[in-house]
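Subject: Structure for your review

Dear colleague,

Please find below the structure that I am handing over to you, followed by an account of what was found in it. I would be grateful if you could read the two side by side.

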Amino acid sequence: MNAMSNEKTQSVYASTLKSIINTENAVLPWENLEPSQQQRIQQAMDSKSHPSCIVYPHTQAELAAVIATANRNKWRVLAQGSGSKLNWGGLAKNIDIVVSTERINQLIEHAVGDLTVTVEAGMKFAHLQEILAKSRQTLALDPAEPTSATIGGIVATADTGSLRQRFGGVRDQLLGITFVRADGQIAKAGGRVVKNVAGYDLMKLFTGAYGTLGIISQVTFRVYPLPETSATVILTGKAEAISQAATILQGSELTPTQADLLSSKLVSNLDLGTGIGLITRFQSISESVKEQSNRLLAIGQQLGLYGTICSAENEADLWQRLPEQIHDNVTNSLITCKIGVLPTTAVEVIHQIEMGLIHLSSGLGLVRLESQNQVLSLRQLCQSNYGFLIVLAAPVAIKERLDVWGYTGNALQLMRGIKEQFDGNYILSPGRFVGGI
């Protein structure tokens with residue numbers, strides 16, 4: 001396509017979309033975006049994609065109209081929230097327009113007594129936590145980049161964090177979901193109450209689907225009371241002793257909200273000691289937290305581990321710095337991966353990882369690597385331990401050479417059938433999910 005025809009095509013996209021959203025700066029041509037924003041979006045697409053514009057609907061109805069128009073014209077859409085996790089997963093292919101839910105961000109309902117909250121997908125996670133904190137409540141997730149991450153993006157990427165130890169993943173906390181289908185119709189699943197069994201469980205299907213089945217516009221979560229107090233116990237030392245401490249912790253009556261195994265370099269970078277680490281957080285009433293912390297500290301001392309209780313003023317900062325050490329948010333030249341192994345082999349695996357962490361109860365974790373060869377080597381190690389390795393963020397050139405998902409199961413045909421049912425024209429983030437779906 002020559003430059004003149006390409007420019008004409010782009011003006012068609014923009015003029016059509018502006019007729020739907022008659023708001024200033026709601027449709028921004030690609031060339032008008034800041035270079036940093038262009039770069040962030042390009043990290044989510046193959047090198048051949050050249051989107052014409054980014055669209056910012058302000059309401060669910062506007063979003064539905066945009067997607068209906070895209071489907072009618074077979075425009076390929078890359079969906080995003082704020083873009084903080086846009087570079088995760090596979091590379092979207094042949095994208096025509098980018099659609100952001102960032103401005104669809106209202107609080108719909110906070111049922112304080114029922115411990116539920118309903119918000120639009122573009123609300124920032126940090127903003128929602130501020131709202132809940134006024135009622136001494138919290139959403140029990142700890143996603144990457146909490147200040148910029150949107151609720152819809154967290155659900156679309158199933159980004160949970162260390163709180164999985166006590167509260168489970170995103171799927172476990174979702175009560176209801178509203179989304180825009182590929183044909184522009186608005187659909188719902190679940191509801192706004194904890195006990196809800198109506199309809200198909202589409203919430204689990206959409207969680208971690210990377211916007212390939214529909215665009216999430218509204219969600220309902222269960223929430224929890226804020227704990228009275230919190231304390232974090234840090235144990236570091238030899239792998240064998242850490243393994244024993246982890247086994248004792250898991251078999252005990254102790255009830256941590258977070259418990260992670262840390263690689264030796266991560267321990268060193270955070271000045272927590274030497275060797276690999278086990279970092280455990282207790283949150284409850286003061287007496288319980290103090291008793292549980294002291295019991296775990298005593299277990300570590302009996303095993304010859306170096307143990308300490310993190311000071312209260314540094315505790316929240318420490319848990320935030322853990323994933324920040326692994327996610328490359330500066331150079332975008334390193335490779336961030338999500339791994340999964342059997343929990344019983346987690347210590348053995350973390351001992352062979354230079355920079356990473358593994359959640360103790362689930363065997364899921366994050367690692368930072370520097371080369372494609374390291375990815376392939378660690379993937380082989382994870383698969384030999386009945387696990388997996390998924391590349392989250394990496395330079396586009398590496399993702400174009402690498403199987404991002406590394407899927408070896410037998411459900412690919414089923415997944416393609418689901419994609420066909422939900423998005424027969426393949427307009428929603430094509431290429432971002434397993435098998436190029």
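A residue is called buried here when its relative accessible area is under 20%. Please bear in mind throughout that this is a predicted model.

By that cut-off alanine 189 is buried, because its relative accessible area is 7%. This alanine belongs to strand β9, which covers residues 186-190. Valine 219 is 30 residues away from alanine 189 along the chain, and the C-alpha atoms of the two are separated by 9.6 Å.

Domain organisation

The chain is divided into four parts: domain 1 (1-103 + 426-436), domain 2 (107-225), domain 3 (229-324) and domain 4 (328-400). Between the C-alpha centres of domain 2 and domain 4 the distance is 26 Å. Seven residues of domain 2 and eight residues of domain 4 take part in the contact.

The size of an interface is often expressed as the accessible area lost when the parts come together. For domain 2 and domain 4 the buried area is about 520 Å², with 45% of it on carbon and sulfur atoms. On the side of domain 2 that touches domain 4, the residues comprise two nonpolar, three polar and two charged. How many salt bridges does the rule find across the interface of domain 2 and domain 4? The count is zero. One residue pair, with both members at pLDDT 80 or more, is in polar contact across this interface.

Aspartate 260

Aspartate 260 is located in strand β13. With a relative accessibility of 0%, aspartate 260 counts as buried. Its side chain makes a polar contact with the side chain of serine 162, at 2.4 Å. Isoleucine 358 lies 98 residues from aspartate 260 along the chain, yet their C-alpha atoms are separated by 5.5 Å. Leaving aside residues up to four places away in sequence, aspartate 260 touches a set of residues including Ser162, Gly277, Trp319, Ile358 and His359.

Threonine 257

Threonine 257 sits in the loop between α9 (239-251) and β13 (258-262). Is this threonine buried or exposed? Threonine 257 is buried, because its relative accessible area is 4%, under the cut-off of 20%. Among the residues that threonine 257 touches, again not counting those up to four places away in sequence, are Ser162, Arg166, Phe167, Arg281 and Gln283.

With kind regards

Methods
Residues are numbered from 1 along each chain as its sequence is written. This is a predicted model: local features need pLDDT of at least 70, side-chain atom pairs count only at pLDDT 80 or more; totals for chains, interfaces and linings use all residues. Side-chain values use heavy atoms; hydrogens and water are left out. Domain bounds come from an automatic or database domain assignment. Contact means heavy atoms within 4.5 Å. Buried area is the accessible area (1.4 Å probe) that two parts lose on being put together, summed over both. A salt bridge is a side-chain nitrogen of Lys or Arg within 4 Å of a carboxyl oxygen of Asp or Glu. A polar contact is a pair of N or O atoms within 3.5 Å; within protein, one must be able to donate a hydrogen and the other to accept it, and residues adjacent in sequence count only if both atoms are side-chain atoms. Ala, Val, Leu, Ile, Met, Phe, Trp, Tyr, Cys and Pro count as nonpolar, Asp, Glu, Lys and Arg as charged, and the others, Gly among them, as polar. Helices (H or I, at least four residues) and strands (E, at least two) are DSSP runs, numbered from the N terminus. Buried means under 20% relative accessible area, exposed over 50%, partly exposed in between (1.4 Å probe, protein chains only).
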